[in-house]
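Good morning, colleagues. Please look at the sequence and the structure on the screen while I go through a few of the points that can be read from them.

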Amino acid sequence: MTTTLARWLQALSSFGLAVLLAACASQPPPSKTELPFDQAVAQATDGLMVQTQKMQGFLGRMGGKSGVVLDPMIDAGSGQQTAATQLLQDRVTERLATQDSIQVVPFQRANLDKARYLLTGTMTRLAVDQPRGPMEINLALTELAGGKVIAQSSAVTRDEGLDHTPLLYYRDTPVPTKDRVVEGYVRTSATAPGQKADAYYLERLAVAPLIKDATSAYNAERYQDALAGYNAAGDSAIGEQLRVLNGIYLSSAKLGKTVDAEQAFGKLVAYGIANQQLGVKFLFNPNSTVFWSEQKISGPYPMWLREIAKASAGAKVCMDIIGHTSHTGSVAYNDTLSLQRAKFIQQRLVGEAAVLGARTAPSGKGFRENIIGSGTDDAVDALDRRVEFKIVDCGVMQAAR
């Protein structure tokens, strides 16, 4: 057997025919053909590895392998970790484990100093108005030392049998977690090789392992450990993030620390006002403006409203109160329902601070700005049934009245 033939057979065995063909110079851009989930994961993961095989010096310091840390993968639309993104992460990790040139190491602060590369990944629904439409998988490898993306690949998967239920922490969060850090993660995962990863995200990466461990503790219902982790992250100069503020609130509430929980929610509201927009997951009974009947869910709502009213009145801001609904029923019906719910929230806020009567204006978007779009009316699409508080210019609001 010739040396050339032996090399070709070895490559064929290691990476598979699809990856070998992708390495050819004449290969067109990655196919956007919809694939079953496992095939799509294989295509995206192997696409990364093909790119790294062309790089000189990819072998790293860890036993001759390149050390890679993996920041937990997320849904790009919501910023949430779900059962589906967890499955994606597991499948990608399993496939990378078969490679001789790479070693995925635990996402810990110490490993950020030792590893050479960062792996990020997202799932993105290509059309929100297609609840079971195709989803794009995006993976990126970023060189930690220089902050440059060295490899990026994607694949399109059919949404067959995938569970998009958010993990416990994300089901419980009162405020959607997609802030500038999470948006930077999403951008990084889709950044072309040779381009810089999102700077804002990378600048705050050092605290991400603490957030990951605290969130894992919360998902395991170890609330004391979760609170300690979120507090440690919050004490950092780069720890003011929605994931941290939500975590402190949730863990405090679970531990019965009522005063601490209220203070933590107040910080969530202040963060939203400072950043010009605050979304809150107020859940209503179906087809009504009555808060969700289960006390476990709606019990904190009076406190939430009190804190929103206090902070917005104190900051002397004006707000559009925007109601949203899930993707069920007609457009006209949901437009009306979302407006009614926004008016209900406005009335409750004015009841807490009368000055907000002149500083707020309700509107309804129906399901036109869905984030999830599944229309399942359960934990999966809770973000679609949110109420947003958007800071606006008071002069413009007064002129419009």
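Strand S9, residues 318-323, pairs with strand S10 in the parallel sense, over five bridges. This is a predicted model, in which local features need pLDDT of at least 70 and side-chain atom pairs count only at pLDDT 80 or more, whereas totals for chains, interfaces and linings use all residues. Residues are numbered from 1 along each chain as its sequence is written, and side-chain values use heavy atoms, with hydrogens and water left out. Strands here are DSSP runs of type E with at least two residues, helices are runs of type H or I with at least four, and both are numbered from the N terminus. Two strands count as paired if DSSP finds at least two bridges between them.

Let me stay with S9. On the S10 side, Met319 stands opposite Thr360, and Ile322 has Ser363 as its bridge partner. Towards S11, S9 runs antiparallel, joined by six bridges; there the bridge partner of Ile322 is Glu388. Is S9 mostly covered or mostly open? Five of its six residues are buried, where buried means under 20% relative accessible area, exposed means over 50%, and partly exposed lies in between, with a 1.4 Å probe and protein chains only.

Now the sheet as a whole. Its four strands form an open sheet in the order S8-S11-S9-S10, with mixed pairing. The edges are taken by S8 (277-280) and S10 (360-364); each has a single partner strand, so one side of each is left without a neighbour in the sheet. From one strand to the next, the twist averages 20°. Helix H14, residues 331-352, packs on this sheet and touches S9, S10 and S11 (387-392), and its direction makes about 160° with that of S10. For such angles, axes are lines fitted to C-alpha atoms, for helices over the stretch in contact, and the values run from 0 to 180 degrees between N-to-C directions. Contact, here and below, means heavy atoms within 4.5 Å.

I turn to helix H3, where Arg91 has its place. Arg91 is partly exposed, because its relative accessible area is 30%. Not counting residues up to four places away in sequence, Arg91 touches Phe37, Asp38 and Val41. Thr45 lies 46 residues from Arg91 in sequence, and their C-alpha atoms are 9.2 Å apart.

The loop between helix H3 (83-96) and strand S4 (102-105) contains Gln99. Why does Gln99 count as buried? Its relative accessibility is 5%. The side chain of Gln99 makes a polar contact of 3.3 Å with that of Thr98. A polar contact is a pair of N or O atoms within 3.5 Å; within protein, one must be able to donate a hydrogen and the other to accept it, and residues adjacent in sequence count only if both atoms are side-chain atoms.

Finally, the overall figures. The protein has 15 helices and 11 strands, and buried residues make up 50% of its 401 residues. Among contacts between residues at least 6 apart in sequence, 73% join residues at least 24 apart. The average pLDDT, the predictor's confidence in each residue from 0 to 100, is 88, and 89% of the residues score at least 70. Over residues 1-6 pLDDT stays under 50, and the model has two contacts beyond four places in sequence for them. Residues 59-63 also stay under 50, with 17 such contacts.
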